[in-house]
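Here is a quick tour of a chain, written for someone who likes cut-offs spelled out. Have the viewer open and follow along.

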Amino acid sequence: MEQAYDSMGWPTLQKILSYFGFLVFFSDLILECVLNPEFSILINGKPSNWIKANCGFRQGCPLSPYLVILLFADDIILFSEAKLKNMRTIKGIMKNYCGWTGQKVNINKSGILFEKAVSRPRRRKIKNILEFKEMKEFNYLGTKLALKRMSKSDFQFILEKILKMSNNWGIKFISLAGRITLVKHVILSIPSYHTTVSLVPKAILKEVEKLCRNFIWDKSNVDHGLHYVGWKKLCDLVEKGGRGIHSCLNKMGPLRAKLAWKYMKEKDSLLHKFLYPKYGSCWDNVNRFKSNYAAWKIIKNGGKSLRSIVRWSISNGHSIDVFKDI
């Protein structure tokens, strides 16, 4: 959505405040701050004449971030069949929403990702209806989405970000303990989100660990130092003589375990309804089908980490099949 400071519908704000249960007294105070306020500017210690604000909802106003959370519908992704009827319906929904809230769709930041089977004439008609441009890939909540298989080059930005941070910090004036702390809590946290939701190549993760080792032991950006302790030993628990560093490769499965658990427990979710009939349980030893589907590979990998810690809680035993569940 576009920045809506000049077009926000104030009746919408009032209705949303009421919907979320804000007291009438508090809602009135909020609306007094944004509905036709007046300002006076101190110039050389003397207040100027009162200035009427035609745009009550202003960027930079202390209240704006909180009201934006209530009103903005940002980073929306829609899935639909490539049918002209569906596109017209989506167009109508967006038009009604914009008319109700006063917001506007940012055409320049919106796009369509087509499946390969959609013909060129149909793509052209859909783009004309929605007025969006066609995209081959896009970033959504920090994750790159594309119909092709992700390669090493797609995650090169992780290495570039780590290199930039390590160069900015420098090495010469940071103690060994300080470097280990930066590796544990800053550098190794960068790829965590991406390894959770994407199939990051192991070559990238190995390169991240290499950068971490060099950052710990090198004397400067040019002079390489001697690695007095192996990486595996540094990744051991402190009680066992290590430094408690979490390896990227070792924590990849545990990070995805949460997704696998949600997949198995939330049986009414769209993801479960879509994948379970074809692939079944994520912690089965045998797959029903061999799949290159990235989402299933991520869930399956998380299921392997869950398998060793999940236990049955048996009550009456009615829901257990001894031939399938053991």
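## The α1/α2 pair

In this predicted model, Trp-10, Leu-13, Gln-14 and Leu-17 of α1 meet Ser-27, Ile-30, Leu-31 and Val-34 of α2, where a contact means heavy atoms within 4.5 Å. Helix α1 covers residues 10-19 and helix α2 covers residues 24-34; helices here are DSSP runs of H or I with at least four residues, strands are E runs of at least two, and both are numbered from the N terminus. The two axes come within 10 Å and cross at roughly 160°. Axes are lines fitted to C-alpha atoms, for helices over the stretch in contact, with angles from 0 to 180 degrees between N-to-C directions.

## Another packed pair: α6 and α9

Helix α6 (residues 156-169) packs on α9 at an angle of about 10°, with the axes 10 Å apart. That makes α6 roughly parallel to α9. On the α6 side the contact uses Gln-156, Ile-158, Leu-159, Ile-162, Leu-163, Ser-166 and Trp-169, and α9 brings Ile-204, Glu-207, Val-208, Leu-211 and Phe-215.

Helix α11 runs over residues 252-265, so to speak a 14-residue piece, and reaches 21 Å from first C-alpha to last. That is close to the expected 20 Å, the expected span being 1.5 Å times one less than the number of residues. There is a bend of about 30° at Lys-258, taken as the angle between axes fitted to the seven residues ending there and the seven starting there.

Which residues of α11 are buried? They are Met-252, Gly-253, Arg-256, Ala-257, Ala-260, Tyr-263 and Met-264. Their cover includes α8 (192-197), α9 (202-217), α12 (270-279) and α13 (294-307). As a general point, an α-helix has 3.6 residues a turn, so residues three or four places apart point the same way.

## Loops and a strand

Two non-glycine residues with positive phi are worth a click. Glu-131 has phi near 65° and sits in the loop between α5 (120-130) and β6 (133-134); at 48% relative accessibility, Glu-131 counts as partly exposed. Leu-141 has phi of about 55°, in the loop between β7 (137-140) and β8 (143-146).

Pro-47 lies in strand β3 (residues 46-47) and counts as exposed at 57% relative accessibility. Leaving out residues up to four places away in sequence, Pro-47 touches Ser-40, Ile-41 and Leu-42.

The chain has 13 helices and eight strands. Of its 326 residues, 33% count as buried. Among contacts with a separation of 6 or more, 57% join residues 24 or more positions apart.

Residues are numbered from 1 along each chain as its sequence is written, and side-chain values use heavy atoms, with hydrogens and water left out. Local features need pLDDT of at least 70 and side-chain atom pairs count only at pLDDT 80 or more, while totals for chains, interfaces and linings use all residues.

Note on methods. Buried < 20%, exposed > 50% of the residue type's maximum accessible area, 1.4 Å probe, protein only. Parallel < 35°, antiparallel > 145°, perpendicular 65-115°, else oblique.
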